[in-house]
Amino acid sequence: FMSRIAVEPTQICGRNIAPGTIIVISPWVLHRHRRFWSEPDLFRPARFVERPRAHLSGGAFIPFGSGPRSCLGASFALAEATILMAYLIENFVISLVDRRPVMPKAIISTMPSVEPAFRLTATGT
């Protein structure tokens, strides 16, 4: 979760919010909200191709927070993940060793319900 303190009077969903009120934002809930996402509980990376960039920057998807207090390492983390995934996909066939369903579990951050075991088989390229 992320928390912020209201600095001026405002309204959220029709409720009056006084200055000094602590606001708690749950990306876990937001990222699964049916108003923003079809089949929100499914892992479908292609859903981001279907959405205009404005939708993603409008607050419906905030994996690194938002605004002036967003994660400093967000750009680095995305670049690093992209490079690593490109390398793995180009050089290996990736398969699950265990067919148990892996579901997201919310603790402080998102983690898998079971430790997924993968088999990497070199493609020979």
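Predicted model: local features only at pLDDT ≥ 70, side-chain atom pairs only at ≥ 80, totals over all residues.
Q: In what order do helices and strands follow one another along the sequence of the protein?
A: The protein has four helices and eight strands.

Q: Is the protein more spread out or less spread out than a compact globule, and what is its radius of gyration?
A: The C-alpha atoms fill a box of roughly 60 × 30 × 25 Å, taken along the principal axes. For 125 residues the globule rule gives 14 Å, and the radius of gyration of the protein is well over that, so the protein is more spread out than a compact globule, with a radius of gyration of 19 Å.

Q: Which element gives the most residues to the lining of the largest pocket?
A: The largest pocket holds about 2200 Å³ of space, and its lining is made by 47 residues, of which H31, F43, F48, F61 and P63 lie nearest the centre. Elements that each supply at least two lining residues are α1 (27-30), α2 (47-50), α3 (53-60), α4, β5 (92-96), β6 (104-106) and β7 (110-112). The one that gives the most, with five residues, is α4.

Q: How many residues of the lining of the largest pocket are nonpolar?
A: The lining of this pocket consists of 47 residues. Divided by class, it has ten polar residues and five charged residues, while the number of nonpolar residues is 32.

Q: Which element gives the most residues to the lining of the second largest pocket?
A: This pocket has about 510 Å³ of space and is lined by 20 residues, with I12, I23, V24, I25 and L30 lying nearest its centre. Two or more lining residues come from each of β1 (2-5), β4 (22-25) and α1. With three residues, the element that gives the most is β4.

Q: How many charged residues are in the lining of the second largest pocket?
A: The lining of the second largest pocket is made by 20 residues. Among these residues, eleven are nonpolar and six are polar, and the number that are charged is three.

Notes:
Residues numbered from 1 in each chain as written. Heavy atoms only, no water. 1 Å grid on protein atoms, 1.4 Å probe; cavity = no way out; pocket = protein on both sides within 12 Å on 5 of 7 lines; lining within 4 Å. Points joined across faces, edges and corners; volume = space filled by probe spheres on them. Nonpolar A, V, L, I, M, F, W, Y, C, P; charged D, E, K, R; others polar. Rg over C-alpha atoms; globule rule 2.2 N^0.38 Å.
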